[in-house]
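Biologist: I would like to learn how to read a protein model. Could you take me through one, feature by feature?

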Amino acid sequence: MDTKLCMRLALLAAAFSVVAAMPAAAADDCKDTVKAEGKPASLRDLGAYPNSLLAWRSAVKDKYGAEYNSWRYSKDSKVDCTEKAGQWTCVRTAKPCKDLLSRALGGAAEAIKKDCKSDSLSSYGSKKKAQKDAQEEAQTGWELDVRKKHGKEWAVWKNATATDFDCHDVSGGIQCIAVGTACKS
């Protein structure tokens, strides 16, 4: 087996061991609340809503670092969307918290994946009844979009870094956005 692959697998195994051993009541590593407004768009759910996610993640990354910019690990999160003159604007407010893997590894997880694109990409999936199914749809959409933009060797979700999902209720189900930075394995 390839030495690099063995090293990555060993680090990944160690990471999961540390995460599994962490007490359930471990204190969250959270920062002060960040508020960010996304770019206006004519569509709320397919424009303004994801724009606000990207704006919030960017603001958190600039202020506290990438290990804090996961919306799903944030606390006291809320999204307010308003419409004015045919344009929707969404504002996200939340306390950014370091994700569990970054807390366990001290950022070593990102070092495992070296060949990554510099920009993240986000994609919507179709609405589904269950959140797990909606996340899978968003992940598939992300892989298709990455394949179009960078090629199939980049379009593997499990190789991506800074991944995140943001799911919300829409009429008749749940719809998710998948966000991540494409990396080669």
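Biologist: What is the phi of Ala85?

Modeller: Phi of Ala85 is near 55°, a positive value in a residue other than glycine. Ala85 sits in the turn of a hairpin that strand 2 and strand 3 form, with two residues between the strands. There is another alanine to look at: Ala162 also is not a glycine, and its phi is positive, about 50°. Ala162 belongs to strand 5 (residues 161–170). With 26% relative accessibility, Ala162 counts as partly exposed.

Biologist: Let us step back. How many helices and strands does the protein chain have?

Modeller: The protein chain has five helices and six strands. Reading from the N terminus, the order is α-β-α-β-β-α-α-β-α-β-β. Of the 185 residues in the protein chain, 38% are buried.

Biologist: In which sense do strand 2 and strand 3 pair?

Modeller: Strand 2 and strand 3 pair in the antiparallel sense, over eight bridges. As an example to find on the screen, Asp80 stands opposite Val91 in strand 3. Strand 3 (residues 87–95) also pairs with strand 1 (residues 34–37), antiparallel again, over four bridges. There, Lys35 stands opposite Thr93.

Biologist: Now the rings. What describes a pair of aromatic rings?

Modeller: Two things: the distance of the centres and the angle of the planes. This structure holds four aromatic pairs. In one of them, the ring centres of Trp56 and Trp71 are 4.9 Å apart and the planes stand at 85°. Planes over 60 degrees apart count as edge-to-face, which is why the pair of Trp56 and Trp71 is called edge-to-face. This pair links distant parts of the chain, 15 residues apart: Trp56 is in helix 2 (residues 44–64), and Trp71 is in the loop between helix 2 and strand 2 (75–84). Both Trp56 and Trp71 are buried.

Biologist: And what kind of aromatic pair do Trp157 and Phe165 form?

Modeller: Theirs is tilted, with 5.2 Å from centre to centre and 40° between the planes. Trp157 counts as buried at 10% relative accessibility, and Phe165 does too, at 9%. Together with Trp142, Trp157 and Phe165 form one aromatic cluster.

Biologist: Where does the charged end of Arg92 sit?

Modeller: The charged end of Arg92 sits over the ring of Trp71, 4.6 Å from its centre. Arg92 also lies over the face of Tyr49, at 4.5 Å from that ring centre.

Biologist: Which residues is Ala138 in contact with, beyond its neighbours within four places in sequence?

Modeller: Ala138 is in helix 5 (residues 131–150), and its contacts are Ser123, Tyr124, Gly125, Phe165, Cys176, Ile177 and Ala178. The relative accessible area of Ala138 is 0%, so Ala138 is buried. In the protein chain as a whole, 65% of the contacts between residues at least 6 apart in sequence join residues at least 24 apart.

Biologist: Last one: over which residues does pLDDT stay under 50?

Modeller: Over residues 9–26, for which the model has twelve contacts beyond four places in sequence. Where pLDDT is low, the predicted coordinates should not be read in detail. For the protein chain, the mean pLDDT is 82, and 77% of the residues reach 70 or more.

Definitions and conventions: Residues are numbered from 1 along each chain as its sequence is written. This is a predicted model: local features need pLDDT of at least 70, side-chain atom pairs count only at pLDDT 80 or more; totals for chains, interfaces and linings use all residues. Side-chain values use heavy atoms; hydrogens and water are left out. Buried means under 20% relative accessible area, exposed over 50%, partly exposed in between (1.4 Å probe, protein chains only). Contact means heavy atoms within 4.5 Å. Rings of Phe, Tyr and Trp (its six-membered ring) pair if their centres lie within 6.5 Å; planes under 30 degrees apart count as stacked, over 60 as edge-to-face and the rest as tilted. A charge sits over a ring if NZ of Lys or CZ of Arg is within 6 Å of the ring centre and within 35 degrees of the ring normal. pLDDT is the predictor's confidence in each residue, from 0 to 100. Two strands pair if DSSP finds at least two bridges between them.
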